[in-house]
Amino acid sequence: MARLAEARRDAPVGAMLLLTWGVALAMWWGLAFLPSGTDDDSWVAAAQSACFGSAPGGLPAPHGWMLLVLAPAMFLVAMAAAFGAELRAGARLLARAAPWRMLAVALALLLAAELGWAASRVQRAVRLAQVSFGPANIEALPPQYPRQDLPVPGFRLVDQTGAPFD
């Protein structure tokens, strides 16, 4: 009986933790894909560059994509390690209680809309050829490159002490 009372007490805390995680996730992805235009001086462009390695008006760099995915996942794992029982009780509350369920559904819809927004930004960047996910179109090297049948021409350089060497 005491365990049931404890679960009921922990459920709102766990639900708020899960909802806070979802809001933080939405804000993190929103910052990454918020249009900053091509102006280097905007605070959005500066924050995107610092957090995600984004060029102004562009997509996150590879390490930025890793941060977008791994940072929220690590946050959730840390919360589960510290508040596992509360999160389980909160998840049950979000699934059962109507007001909490409505908040969870609204947050899920926000995250889905944000994911669609991010996908459209990626598609637009691919169309504009700002980014390529396939092999680059590189011209074939000429057959005589590199010329390994000729000796290296003579050269003379100067080292950091000013002494010549060749």
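Is Met16 buried, partly exposed or exposed, and what is its relative accessible area? Let's take that up in the first point, after a word on the model. This is a predicted model, in which local features need pLDDT of at least 70 and side-chain atom pairs count only at pLDDT 80 or more, while totals for chains, interfaces and linings use all residues. Residues are numbered from 1 along each chain as its sequence is written, and side-chain values use heavy atoms, with hydrogens and water left out.

1. Met16 first. With a relative accessible area of 43%, Met16 is partly exposed; buried means under 20% relative accessible area, exposed over 50%, and partly exposed in between (1.4 Å probe, protein chains only). Met16 sits in helix H1, residues 2-33.

2. The overall layout. The protein has four helices and two strands, where helices (H or I, at least four residues) and strands (E, at least two) are DSSP runs, numbered from the N terminus. Read from the N terminus on, the order is α-α-α-α-β-β. Of the 166 residues, 27% count as buried. Among contacts (heavy atoms within 4.5 Å) with a separation of 6 or more, 57% come from residues 24 or more positions apart.

3. How H3 and H4 pack. Helix H3 (residues 62-96) and helix H4 (residues 98-127) pack at an angle of about 165 degrees, and their axes are 14 Å apart. Here axes are lines fitted to C-alpha atoms, for helices over the stretch in contact, and angles run from 0 to 180 degrees between N-to-C directions. H3 and H4 are therefore roughly antiparallel to each other; angles under 35 degrees count as roughly parallel, over 145 as roughly antiparallel, 65 to 115 as roughly perpendicular and the rest as oblique.

4. Who meets whom there. From H3, the residues Trp65, Leu93, Leu94, Ala95 and Arg96 meet Ala98, Trp100, Arg101, Ala104 and Val122 of H4. This contact divides into eight nonpolar residues, no polar ones and two charged ones. For these classes, Ala, Val, Leu, Ile, Met, Phe, Trp, Tyr, Cys and Pro count as nonpolar, Asp, Glu, Lys and Arg as charged, and the others, Gly among them, as polar.

5. Leu111, also worth a look. Leu111 belongs to helix H4 and is partly exposed, its relative accessible area being 23%. Not counting residues up to four places away in sequence, Leu111 touches Gly22, Leu25 and Ala26. The C-alpha atoms of Leu111 and Leu25 are separated by 8.1 Å, with the two residues 86 apart along the chain.

6. A buried serine. Ser54 is found in the loop between helix H2 (43-52) and H3. Ser54 counts as buried because its relative accessibility is 5%. Leaving aside neighbours within four places in sequence, Ser54 is in contact with Gln48, Ser49, Leu59, Pro60 and Ala61.

7. The salt bridge. The structure holds one salt bridge, meaning a side-chain nitrogen of Lys or Arg within 4 Å of a carboxyl oxygen of Asp or Glu. The side chains of Asp166 and Arg156 form it, at 3.5 Å from N to O. Asp166 lies in the segment after strand S2 (164-165) and Arg156 in the loop between H4 and strand S1 (157-158), so the pair ties together parts 10 residues apart in sequence. Both Asp166 and Arg156 are exposed.
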